Amino acid sequence: MDLNGKKILLGVTGGIAAYKSCELLRLLQKKGAQIRVAMTEAATRFVAPLTFASLSKCPVYLKDGAVEARPFQHIDFPRWADLYLVVPCTANAIGKFAYGLADDPVSLCFMSCTCPRLLAPAMNVAMYNSPAVRRNLQTLRSFENTYVLESPAGELACGEVGSGRLMEPADIVSFIEGGSLPLVGTSSPTTPSSGGHPRNAPAALFNCHPREGGDLPELNDPALPGHGRTVLITAGRTEEAIDPVRYISNRSSGKTAVALASVFLANGYSVEVVAGPMEAEFPGGAAVHRVRSACEMHRAVMERLSGADALVHCAAVADYRPKDPAQSKIKDSRSQLVLELVPNPNILRDSVAAKKPNQVVVGFALETDHFEEHAQEKLRKSGADALLLNAPVAKDSGFGFDNVNYALVTPGEKVPEMQMGSKVELSETIVDFVNRKLEERHG
Ligand SMILES: Cc1cc2nc3c(=O)[nH]c(=O)nc-3n(C[C@H](O)[C@H](O)[C@H](O)COP(=O)(O)O)c2cc1C
């Protein structure tokens with residue numbers, strides 16, 4: 001989206017990151033956008049309305065503003081806007097938006113605006129991960145024209161470390177300009193297509209697809225097999241610390257998980273991803289939670305499992321981690337160094353053990369020899385509903401490449417012959433299986 005001449009309504013709610021919305025306002029203005037501001041009462045305790053009024057050169061819409069002079073601000077402001085940003089967006093505001101409460105300027109504008117709405121949540125990690133906030137964000141993601149930015153992990157204002165930071169204002173601006181769009185122009189439920197739209201928004205974004213003039217694709221269609229269903233995907237690799245600067249990892253690029261997320265989205269699913277480090281970027285529309293180590297991934301999956309209808313465990317998780325990572329960098333003593341490794345938790349097995357009977361779990365098995373035998377053994381031991389066997393045997397296939405040699409192994413059935421196909425085709429095989437299984441279990 002070219003911001004020049006665009007009218008942007010900025011809703012500010014009462015979080016500690018409210019001061020960052022001043023910087024956002026300035027950045028948007030530098031791109032040529034016109035800004036108006038609405039604030040909650042709580043927000044005015046963090047930044048004075050006079051600051052926003054001075055920067056935007058326009059009166060701020062406040063609860064106790066000059067109502068007589070401007071009685072219809074709650075309709076006029078949103079109607080004026082091409083885009084409504086709520087930055088920062090508190091847990092409280094998220095709850096109000098999700099439940100249709102409208103008792104302050106920001107929630108009133110949310111309810112009455114018809115332009116795209118982009119929310120940047122910011123809060124303490126425990127609040128961000130609380131079941132209520134997760135559920136409310138999920139609800140908001142199902143609203144038409146409503147998009148939610150990820151709140152990246154890092155040091156929070158409260159001193160704790162974790163997810164819940166406000167996305168940096170510069171990243172918000174480049175996202176809006178870049179217009180990362182989800183799959184559009186889907187010709188069939190399992191076939192995604194980029195529709196020619198750029199996908200150059202920061203990787204950390206999720207469920208964020210501001211319009212570029214045209215309408216967004218209708219992925220909320222009740223006819224799609226994933227409508228009203230959620231899939232949880234693990235993605236990328238894990239990094240197991242040896243010391244503060246070194247780690248054990250593997251070569252997974254995360255491309256398969258990205259293809260999977262795209263195909264699930266095209267099938268109408270809400271997609272949640274727990275992603276370790278990876279290079280590939282997720283499409284807008286997927287809610288991405290970043291982790292680093294296998295233990296962090298295990299925790300994040302177990303926390304989210306109950307909210308999912310299906311889990312596809314695609315991440316390349318390290319089987320082992322150093323027993324006692326050094327607290328400071330290990331010095332080069334030129335003598336032999338022995339690393340003691342301990343097994344990591346088995347996320348696939350633990351999630352199968354914890355799942356409800358109607359949840360579907362698909363695992364991945366990367367094998368380099370005795371493919372069928374190893375895959376069947378892993379499937380049996382894990383108790384998963386299916387295992388995607390893949391083998392980087394052919395030249396230009398496997399890690400980092402777009403093609404892969406694969407077969408879907410299911411209990412009690414002969415292992416099908418492995419076939420070479422794209423990661424999207426592989427994903428379609430999995431999504432078709434999950435669609436079928438969920439249909440069988442839920443009718
Ligand atoms: C110092 C301080 C910092 C706060 N920071 C946040 C925050 O970052 N995110 C959040 O959701 N709530 C935060 N809160 C709580 C909100 O201010 C509180 O829920 C308030 O009712 C939000 O109102 P609003 O959503 O109408 O702006 C904070 C409260 C205090 C006192």
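**Note on a predicted model with a ligand**

1. At 37% relative accessibility, Asp369 counts as partly exposed, because that class covers values between under 20%, which is buried, and over 50%, which is exposed. The structure is a predicted model, and in it Asp369 is placed in the loop between strand 16 (360–366) and helix 13 (371–382). Although Asp369 and Ala391 are 22 residues apart in sequence, their C-alpha atoms are 8.2 Å apart in space.

2. Ser270 belongs to strand 11 (residues 270–275), and its C-alpha atom is separated by 7.4 Å from that of Gly228, a residue 42 positions away along the chain.

3. Turning to the ligand, 14 residues surround it, and the closest are Gly14, Thr40, Thr90, Ala91 and Ala122. Sorted by class, this shell has eight nonpolar and six polar residues, with no charged residues. Helix 5 (residues 91–99) gives the most to the shell, contributing three residues.

4. For Ala91 a backbone N or O atom lies 2.8 Å from an oxygen atom of the ligand. Taken alone, the ligand exposes 650 Å², and the protein buries 63% of that.

5. The structure holds three aromatic pairs. One of them is formed by Phe97 and Phe110, whose ring centres are 4.1 Å apart and whose planes meet at 5 degrees, so the pair is stacked. Because Phe97 lies in helix 5 and Phe110 in helix 6 (residues 105–112), this pair ties together parts that are 13 residues apart in sequence. Phe97 and Phe110 are both buried.

6. Another pair joins Phe264 and Tyr269, and here the ring centres are 4.9 Å apart while the planes stand at 85 degrees, so the pair is edge-to-face. Phe264 is buried, as is Tyr269.

7. Where do charged groups sit over rings? The charged end of Arg36 is over the ring of Trp80, at 4.4 Å from its centre.

8. Some backbone details deserve a careful look in the viewer. Val87 and Pro88 are joined by a cis peptide bond, with omega at about -10 degrees, and Pro88 is found in strand 3 (residues 83–89).

9. Lys57 has a positive phi of about 55 degrees although it is not a glycine, and its place is in the loop between helix 3 (49–56) and helix 4 (73–80). With a relative accessible area of 70%, Lys57 is exposed. Arg334 is not a glycine either, and it has a positive phi of about 65 degrees. Arg334 lies in the loop between strand 14 (320–322) and strand 15 (341–343), and at 73% relative accessibility it counts as exposed.

Key. Residues are numbered from 1 along each chain as its sequence is written. This is a predicted model: local features need pLDDT of at least 70, side-chain atom pairs count only at pLDDT 80 or more; totals for chains, interfaces and linings use all residues. Side-chain values use heavy atoms; hydrogens and water are left out. A residue is near a molecule or strand if one of its heavy atoms lies within 4 Å of it. A polar contact is a pair of N or O atoms within 3.5 Å; within protein, one must be able to donate a hydrogen and the other to accept it, and residues adjacent in sequence count only if both atoms are side-chain atoms. Accessible areas come from the Shrake-Rupley method with a 1.4 Å probe; for residues, only the protein chains shown count as cover. Helices (H or I, at least four residues) and strands (E, at least two) are DSSP runs, numbered from the N terminus. Ala, Val, Leu, Ile, Met, Phe, Trp, Tyr, Cys and Pro count as nonpolar, Asp, Glu, Lys and Arg as charged, and the others, Gly among them, as polar. Rings of Phe, Tyr and Trp (its six-membered ring) pair if their centres lie within 6.5 Å; planes under 30 degrees apart count as stacked, over 60 as edge-to-face and the rest as tilted. Buried means under 20% relative accessible area, exposed over 50%, partly exposed in between (1.4 Å probe, protein chains only). A charge sits over a ring if NZ of Lys or CZ of Arg is within 6 Å of the ring centre and within 35 degrees of the ring normal.
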